[in-house]
Amino acid sequence: MSQRDWGIEDPEERYWFNVKTGEVEVGKQSLSIDRLGPFETREEAQRATEILEERARKWAEEEARED
């Protein structure tokens, strides 16, 4: 059982997407400049660039509505 199974948050168990290698990492393995995240699941980390594009699109739409 992992710490998460016991309800203990461990930042080392989070997932990160390495933009340099295109790989998902468990924990902070690479330089912060090369990482996107953290993500709760490996699947989310694999979709990191897609998720960021969706968020950026939503922010742009909100800003356009506010103007």
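1. Let's start with the threonine at position 21: a polar atom of the T21 side chain sits 3.2 Å from the backbone nitrogen of E23. That falls under the heading of a polar contact (a pair of N or O atoms within 3.5 Å; within protein, one must be able to donate a hydrogen and the other to accept it, and residues adjacent in sequence count only if both atoms are side-chain atoms). T21 belongs to the loop between β1 and β2 (23-26). Between the C-alpha atoms of T21 and R35 there are 9.7 Å in space, and 14 residues in sequence.

2. A word on the source: this is a predicted model, where local features need pLDDT of at least 70, side-chain atom pairs count only at pLDDT 80 or more, and totals for chains, interfaces and linings use all residues. Residues are numbered from 1 along each chain as its sequence is written, and side-chain values use heavy atoms, with hydrogens and water left out.

3. Now the overall layout. The protein chain has two helices and three strands, in the order β-β-β-α-α from the N terminus. Helices (H or I, at least four residues) and strands (E, at least two) are DSSP runs, numbered from the N terminus. Of the 67 residues in the protein chain, 22% are buried. Here buried means under 20% relative accessible area, exposed over 50%, and partly exposed in between (1.4 Å probe, protein chains only).

4. D34 is worth a look in the loop between β2 and β3. D34 counts as buried because its relative accessibility is 14%.

5. How many salt bridges does a search of the whole structure find? The search gives three, a salt bridge being a side-chain nitrogen of Lys or Arg within 4 Å of a carboxyl oxygen of Asp or Glu. One of them pairs R14 with E40, with 3.3 Å between the closest N and O atoms. This pair ties together distant parts of the chain, 26 residues apart: R14 is in the segment before β1 (15-18), and E40 is in the loop between β3 (35-39) and α1 (42-46). R14 is partly exposed, at 22% relative accessible area, and E40 is partly exposed too, at 36%.

6. R47, E50 and E54 make up a salt-bridge network. R47 pairs with E50, the closest N and O atoms being 3.3 Å apart, and R47 also pairs with E54, where the closest N and O atoms are 3.3 Å apart. R47 is partly exposed at 34% relative accessibility, E50 is partly exposed at 38%, and E54 is partly exposed at 27%.

7. Finally, have a look at the surface, where E61, E62, E63, E66 and D67 form a patch of negative charge. Patches are made of residues with over 30% relative accessible area and no salt bridge, with like charges joined within 9 Å and nonpolar side chains (Val, Leu, Ile, Met, Phe, Trp, Tyr) within 5 Å. Within this group, E63 lies in helix α2 (residues 48-66). E63 counts as exposed because its relative accessible area is 52%.

Note on methods
Accessible areas come from the Shrake-Rupley method with a 1.4 Å probe; for residues, only the protein chains shown count as cover. Lys and Arg count as positive and Asp and Glu as negative; His and the chain ends are not counted. The place of a charge is taken as NZ of Lys, CZ of Arg, CG of Asp or CD of Glu.
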